[in-house]
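The sequence and the structure come first.

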Amino acid sequence: MNKRKSLIWVFATLCTVFIQAQDKKAWTLEDCVNYALENNISIKQTELDTEIADQDLITAKGDFLPNLSANASQNWNFGSFIGQDGNRVSIDSRGNSFGVNTGVTLFNGFRKTSVYQQAKLGIESSQLQLDILKDNISVNVVNSYLNILLNKENLKVAEEQILISEKQVQQLSDLVDAGVRPRADLYEVQAQLASDRERLTNVQNSLDLALLGLTQLLQISNEGFDVEDIELSLPEVLVEHKSSNDIFNYAIQNRPEIKKAELDIETSELSVDIAKSAYYPTLSFGAGLGTSYQHFQGQKDLRAVVDQSTNPPTISLVDNGFMQQLEDNLGYNFGFRLDIPIFNRFQTKANVSRAEINKKRIELSLDQAKQDLRSTIEQAYADAKAAFKQFESSQVSLDAQKESFKNAQESYNLGVMNSFEFEQVRNRLVNAEANLINAKYNFVFTTKVLDFYLGKPITE
């Protein structure tokens, strides 16, 4: 029995370790984007908005149908009142009434048609709003992911510099012990090592903050979270398009922001039609049926029947129960109603003017959206060009600084160059490496933005 329990414990432990290993697997860029799109709370809320839009369409469709309602009542009468036969009676009674009514609007200035069209546009608009939100979140995730990769590369550079400084400290310690170099040089190199370790701490903190920022964007815990390193190649989007106009012309036809702004104009035009519908008369049709039952307290349900065939006529009492009264009192009605607006204190006129003003405002919003789109694309294109030029110049500068550092290291080892001069050369190399890394990631992100406006997958 104990052996069986031990096997179960070992199996459970292995499962736990396996699950934890699965949880600690590095996230790819596609994993991050897909997770954000599937689990982001704002996206889920917007998806609910699309469901509400669906219900608005159902409501708009239902307005074309006639309504149907039923009613029933129980009442008690005390003292004098008018009975069902039209005579005044002075006796306590109780009674019931039942009815069914229906009605439909035949014409109301095409208001229902406009509301129905608005509801259909509302579904499209809510879906476009969801697309806009998903796009924005995807871009933010990509930006955060690239920021992590940027800090990882900076961390590698900082770690390499520490290895170089530690090697220099060891070499210089041997030279100082041999009496070849003064101890002051050793102090300077040790100070540089401390400075390099401080830089490493700062870079590590930046990496931790970048990881935290992405986990907060994904709305998950940052414990054990890491991303997969990817080899970035410089995109060729600038080669494909010689100007930002190509990108803008594509985006103006396909971006959901523009499509939604255009739908908003159509919706505002329908709002004007809805406001104007109040100028028209309304024609409606209604029908109903009703019946009732009445019982005098302390008496049987009887009614008098006069037989005219006898002379003189004879009167007899017959049963007048619940079902009999319902049948005898059953009545029907139907009719048309026409409401003609004549004067409503300028309310309709004000509503129409308000709707027309709102339409003009939304038309300006479309113009503004197009201007913002053009400005964003032109800025991103200019940033991409500048980043690419910066990358090229940084690459040339890094190559030159590497050669300079190699010569300086030889001179320093031979004692021709002092530690201060050597550190100046090394700092220039560190700065050149950092500039190249920043230029590379800046160029990659700006081209990802251009891919985004071209409708290309930004996770590739």
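How many salt bridges does the structure hold? The total is 14 salt bridges, in a model that is predicted.

## Salt bridges

Aspartate 135 and arginine 255 form one of these bridges, with 3.1 Å between the closest N and O atoms. The pair links distant parts of the chain, 120 residues apart: aspartate 135 belongs to helix 4, and arginine 255 to the loop between helix 7 (244–254) and helix 8. Arginine 255 has a relative accessible area of 6% and is therefore buried, the limit being under 20%. Asp135 and Arg255 are also linked with Glu257 in a network of salt bridges.

Aspartate 339 is partly exposed at 32% relative accessible area. Arginine 337, at 52%, counts as exposed, because the cut-off for that class is over 50%.

How do helix 8 and helix 10 run, roughly parallel or roughly antiparallel? The axes of helix 8 (residues 256–276) and helix 10 (residues 347–413) come within 8 Å and cross at roughly 170 degrees. This makes the two helices roughly antiparallel, since angles over 145 degrees are classed that way. The residues of their contact divide into 11 nonpolar, five polar and eight charged.

## Separations along and across the chain

Valine 115 is in helix 4 (residues 111–177) and is partly exposed, with 27% relative accessibility. Its C-alpha atom is separated by 84 Å from that of glutamine 171, 56 residues apart along the chain.

Alanine 439 lies in helix 11 (residues 419–453). The C-alpha atoms of alanine 439 and phenylalanine 391 are separated by 5.0 Å, with the two residues 48 apart along the chain. Alanine 439 is buried, at a relative accessible area of 5%.

## Nonpolar surface

Leu68, Val100, Leu289, Leu330 and Tyr332 make a nonpolar surface patch of about 500 Å². Of these residues, leucine 289 lies in strand 5 (residues 282–296). Leucine 289 is partly exposed, with a relative accessible area of 33%.

Terms used:
Residues are numbered from 1 along each chain as its sequence is written. This is a predicted model: local features need pLDDT of at least 70, side-chain atom pairs count only at pLDDT 80 or more; totals for chains, interfaces and linings use all residues. Side-chain values use heavy atoms; hydrogens and water are left out. Patches are made of residues with over 30% relative accessible area and no salt bridge: like charges are joined within 9 Å, nonpolar side chains (Val, Leu, Ile, Met, Phe, Trp, Tyr) within 5 Å. Accessible areas come from the Shrake-Rupley method with a 1.4 Å probe; for residues, only the protein chains shown count as cover. A salt bridge is a side-chain nitrogen of Lys or Arg within 4 Å of a carboxyl oxygen of Asp or Glu. Helices (H or I, at least four residues) and strands (E, at least two) are DSSP runs, numbered from the N terminus. Buried means under 20% relative accessible area, exposed over 50%, partly exposed in between (1.4 Å probe, protein chains only). Axes are lines fitted to C-alpha atoms, for helices over the stretch in contact, and angles run from 0 to 180 degrees between N-to-C directions. Angles under 35 degrees count as roughly parallel, over 145 as roughly antiparallel, 65 to 115 as roughly perpendicular and the rest as oblique. Ala, Val, Leu, Ile, Met, Phe, Trp, Tyr, Cys and Pro count as nonpolar, Asp, Glu, Lys and Arg as charged, and the others, Gly among them, as polar.
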